Amino acid sequence: MDLSTEELRERLLQTKQQHCDLDAAIASLEASGTADALQLRRLKKQKLLLKDQIGMIEDQLLPDIIA
């Protein structure tokens, strides 16, 4: 699936926002002390998947530079 540069940038912004939102949710749950360990694990796994997606999108936006 080939996306335009503008579409990739939009997807990157959305994914970064989701990552930030999950980070805030995780921090809030941990601070509350009432967090379910399984729920936290799932949120952290989802956050890692988003981080991987961010890396893939950034790789598509930035051309490889051969030194």
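## Packing of two helices in a predicted model

Helices α1 and α2 pack at an angle of about 155°, with their axes 9 Å apart. That angle makes α1 roughly antiparallel to α2, a term for angles over 145 degrees, whereas those under 35 degrees count as roughly parallel, 65 to 115 as roughly perpendicular and the rest as oblique. Axes are lines fitted to C-alpha atoms, for helices over the stretch in contact, and angles run from 0 to 180 degrees between N-to-C directions. Helices are DSSP runs (H or I, at least four residues), numbered from the N terminus.

This is a predicted model, in which local features need pLDDT of at least 70 and side-chain atom pairs count only at pLDDT 80 or more, while totals for chains, interfaces and linings use all residues. Residues are numbered from 1 along each chain as its sequence is written, and side-chain values use heavy atoms, with hydrogens and water left out.

The crossing of α1 and α2 is left-handed, that is, the near helix is turned anticlockwise from the far one by less than a right angle. The residues of the contact of α1 with α2 comprise 11 nonpolar, eight polar and nine charged.

The largest nonpolar core consists of five residues: Leu22, Ile26, Leu40, Leu43 and Leu50. Such a core is a set of buried Ala, Val, Leu, Ile, Met, Phe, Trp, Tyr and Cys residues joined through side-chain atoms within 4.5 Å. At least two residues of this core come from each of α1 (5-32) and α2 (37-61); α2 gives the most, with three residues.

Leaving aside neighbours within four places in sequence, Leu40 is in contact (heavy atoms within 4.5 Å) with Ile26, Leu29, Glu30 and Ala35. Thr15 has its place in helix α1 and counts as buried, at 5% relative accessibility. Buried means under 20% relative accessible area, exposed over 50% and partly exposed in between (1.4 Å probe, protein chains only).

Asp23 is also placed in helix α1, but counts as partly exposed because its relative accessibility is 37%. Ser4 lies in the segment before α1 and, at 37% relative accessibility, counts as partly exposed. The table gives separations for two residue pairs.

| Pair | Apart in sequence | C-alpha to C-alpha |
|---|---|---|
| Asp23 and Lys47 | 24 residues | 7.3 Å |
| Ser4 and Arg41 | 37 residues | 34 Å |

How values were computed. Nonpolar A, V, L, I, M, F, W, Y, C, P; charged D, E, K, R; others polar.
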